[in-house]
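Please walk me through this structure, one element at a time.

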Amino acid sequence: MRLTPGDESRFVVYGAGCIGAYLGGWLLAAGYRVAFVRRTSFEDASRFGFGVQDRHARQAHIVPDSCTLITPTEIGPGDTVLVTVKSGATDHVAAELSTLSPGSIVSVQNGISNVSRLQATNPGVAVAGAMIPFNIIRTEDNIFRQTTTGRVLIGPQGQHLANALLNAGVDAAVTADIEAIQAGKLLMNLNNAIHALSGVSLSQELSSRDYRVVLAAAQREALEAFRLHRTPVASPLSNIAPRLIPTLLRTPDMVFNRIARPLLDSDADASSSLRDDLLAGKKTEVRFLNGEIVDMLERMGHHAHVNQTLVQLVEHAEKDGQPSAISGPRLREEILRSR
């Protein structure tokens with residue numbers, strides 16, 4: 001499928017949160033037809049207009065008249081659907097799409113099971129996976145701002161989306177190794193639970209060795225799960241093999257901050273979606289991140305003590321309804337006690 005600005009085919013964003021609004025906004029600014037499936041939290045932005053801003057301070061303003069809101073039943077055969085909902089809603093979206101036969105589906109989600117779940121329910125539709133390496137925050141004046149760096153990577157079935165994003169000025173590329181890249185992203189997303197529990201900024205959390213030691217322990221369990229399931233893993237850090245990342249994380253702060261500077265290259269207000277959900281009182285997708293590792297190891301007769309503890313701590317914070325602020329030493333002690 002080939003889409004160009006002004007084409008009758010369109011992109012449909014299903015799940016207009018920060019990532020969906022950011023990608024959809026840039027596509028709109030480049031002249032592509034874009035529709036957003038109605039979502040309460042996005043309606044203010046669509047009614048009054050919103051902005052998108054990348055790490056280089058490049059901006060675009062989306063005027064209200066250009067924001068098309070639709071219901072899922074209005075998705076048509078020529079549409080490319082960008083699924084940007086949380087992983088817990090994937091099965092519901094997959095079931096809805098199965099009755100609509102869209103032109104193609106691109107899973108723009110965290111985790112490693114969403115593509116297969118979407119494909120199983122939509123066997124006649126091309127489904128591609130995509131990996132978004134950066135964070136997006138929504139400011140008080142409705143600007144969806146990129147706070148960390150990275151290139152969007154998309155599976156071969158999503159070539160048309162990659163082309164459109166490039167045309168819109170978003171760094172994107174197609175890769176044949178999307179499954180391995182998503183596994184590598186999951187390896188890093190295990191940190192989302194730790195960041196959510198820490199109560200500090202993303203850069204502060206990663207700058208603390210106590211938090212990193214916990215992440216290293218969670219990643220070791222993940223690497224064992226991937227090994228047992230023969231899941232390929234592409235390194236989320238260039239020039240560093242996945243198996244070496246836990247060792248890097250455990251190095252003293254001075255060494256880590258020098259070697260892993262790209263990990264710390266973020267705006268002061270950069271956050272993780274899991275922490276944002278926790279602060280908003282929403283159910284998080286920790287079960288599809290750290291919980292995925294727990295399930296993978298359990299299927300092989302092993303236990304993921306570290307990731308299971310992180311899942312329990314996040315779910316306790318969800319029920320408590322209060323922002324979490326567990327110090328690095330205390331979290332490390334909790335993890336060591338669980339092993």
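Helix H1 covers residues 18-29, twelve in number. From first C-alpha to last it reaches 16 Å, close to the 16 Å expected at 1.5 Å a residue; the expected span is 1.5 Å times one less than the number of residues. Helices here (H or I, at least four residues) and strands (E, at least two) are DSSP runs, numbered from the N terminus.

This is a predicted model, in which local features need pLDDT of at least 70 and side-chain atom pairs count only at pLDDT 80 or more, while totals for chains, interfaces and linings use all residues. Residues are numbered from 1 along each chain as its sequence is written, and side-chain values use heavy atoms, leaving out hydrogens and water.

Nine of the twelve H1 residues are buried, so the rest of the structure largely encloses this helix. Buried means under 20% relative accessible area, exposed over 50%, and partly exposed in between (1.4 Å probe, protein chains only). Among the buried residues are Tyr 22, Trp 26 and Leu 27. Just after H1, Gly 31 takes a positive phi of about 100 degrees.

Strands pair if DSSP finds at least two bridges between them. E3 (residues 50-53) and E4 run antiparallel, joined by four bridges. Gly 51 stands opposite His 61 in E4.

His 160 lies in helix H5 (residues 159-167). Is His 160 buried or exposed? At 5% relative accessibility, it counts as buried. The His 160 side chain makes a polar contact with the side chain of Ser 104 (3.2 Å). Such a contact is a pair of N or O atoms within 3.5 Å; within protein, one must be able to donate a hydrogen and the other to accept it, and residues adjacent in sequence count only if both atoms are side-chain atoms.

Helix H7 (residues 191-198) is mostly covered, with eight of its eight residues buried. Gly 199 follows H7, with a positive phi near 80 degrees.
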